[in-house]
Amino acid sequence: GEVQELEDGNCLRHGFGHQIFTAKAAETGEEVIYGQYKGSWRADLQTSGIFGWSDGTVYEGFFLEGRPHGHGRMKWPEGSVYDGNWQRGELHGQGTYICGFKHVESHGIFWRNCLRDHNGQWVNKVKQREELRSQHLRINAYPASKFVIPVYRCTSSEILERALAVSQEPPYLIPFLLASHSCSSGRAPPLDFVEGGDLGCKVDTTVHLGYAAQEKLRSRDTDVLFQKAMAAALRTARPLTLIWGDDEPGPTGEAPPMDVWDMDNSQPLPDKWALTNFFSPLVLPADIFDLRHFQCAGLADLFLHRDAKNVNDADQSAAEPVEPAHPAMQPAPILYSLKVLLMSLKRIPNEFEDESVRRHLLGRFGLALPVHRIAAFVACDM
């Protein structure tokens, strides 16, 4: 882009230009595009243009000291839009807000992200949007009639690569891996197919939900299981892997054989194996089902660099900050990206068609995880 040359020989961005923000991916060292700005500069500062974040959010308008200021329009990934005045990164002044979750349009004079509703109460639209985004990730957030779980079939040798590739494409669903009886494995498919190698999970990035549930029943600290696995997954760029085993032992003390199936009914998982028992912002955030937000909001730092006591102290002593409508534009020099795999060790019959796979997932896992945010991958070796 255009620059202004100073007397000492240095140059400042001045005029029109295009800047691409990059960071180094952890472990691999690959250069990753984190965001980009195209527009005008004055004395090395952005003045007006378009900025796009890695989670899909786009702002077009005026800037002051790197934050939206003046008139501008921001569109969030789910389709929410604010078009109006800004003040140092906050919705402030005359504007229009359209909620992409509820499809409701609001007009008026905003004050520090807040707008009066028809009852005269001030509603923080930025906080409200975040609450709605979080609700979207809840278990049973939508009835089964409102979504269809995609089903992909592949060989055991390609399931890992395909699953990770699909998770990086819209609508950014989390892979749920299954294996059919046709898969020959000495131990526990599909886990056997995604361990090790350059991309696969490892023991320290894996959590077995049955084991975690037993530890919780014994009143032992299970938080550390998830925190260590999350940190290891981020540092090594390997997938955080959550595994559900077969059914618990029955009254006789024996678990039903994996090959025995009731073709009409998939028995729900034990309640204690549900992710609701472990979801927590500093342990296992529900944001693992919205990985673009996880990355863009800098949530990896909570697991890589935090000290729980210091975090709690800071939360209690911090003064009321300016509340931006989106994270800062400048990325960290090293980017820690989270990848997630879910899997069941209970193999499914070879004759299961796609609709049968969907019914199985809804019946067995519908109360254990947000199934509207998963894509099924079935390993089939014939």
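Two exercises with worked solutions follow, on a predicted model.

Residues are numbered from 1 along each chain as its sequence is written. In this predicted model, local features need pLDDT of at least 70, side-chain atom pairs count only at pLDDT 80 or more, and totals for chains, interfaces and linings use all residues, while side-chain values use heavy atoms, without hydrogens and water.

**Exercise 1.** Find which residues are the bridge partners of G35 in β4 and in β5.

Solution.
- Step 1. Strands are DSSP runs (E, at least two residues), numbered from the N terminus, and two of them pair if DSSP finds at least two bridges between them.
- Step 2. β3 (residues 15-25) pairs with β4 (residues 31-42) in the antiparallel sense, over 10 bridges. Here F21 has G35 of β4 as its bridge partner.
- Step 3. β4 also pairs with β5 (residues 45-53), antiparallel, over 8 bridges. G35 has W53 of β5 as its bridge partner.
- Step 4. Look at the hairpins: 5 residues lie between β3 and β4, where E27 has a positive phi near 75°. Between β4 and β5 there are 2 residues, and A43 has a positive phi near 50°.

**Exercise 2.** Describe the lining of the second largest pocket.

Solution.
- Step 1. A pocket is an open set of points on a 1 Å grid over the protein atoms alone, where a 1.4 Å probe fits, with protein on both sides within 12 Å along at least five of seven lines; lining residues have an atom within 4 Å of a point.
- Step 2. The lining has 23 residues; Q168, Q295, S337, L338 and K339 lie nearest the centre.
- Step 3. At least two lining residues come from each of β4, α2 (159-167) and α6 (291-296), helices being DSSP runs of H or I with at least four residues.
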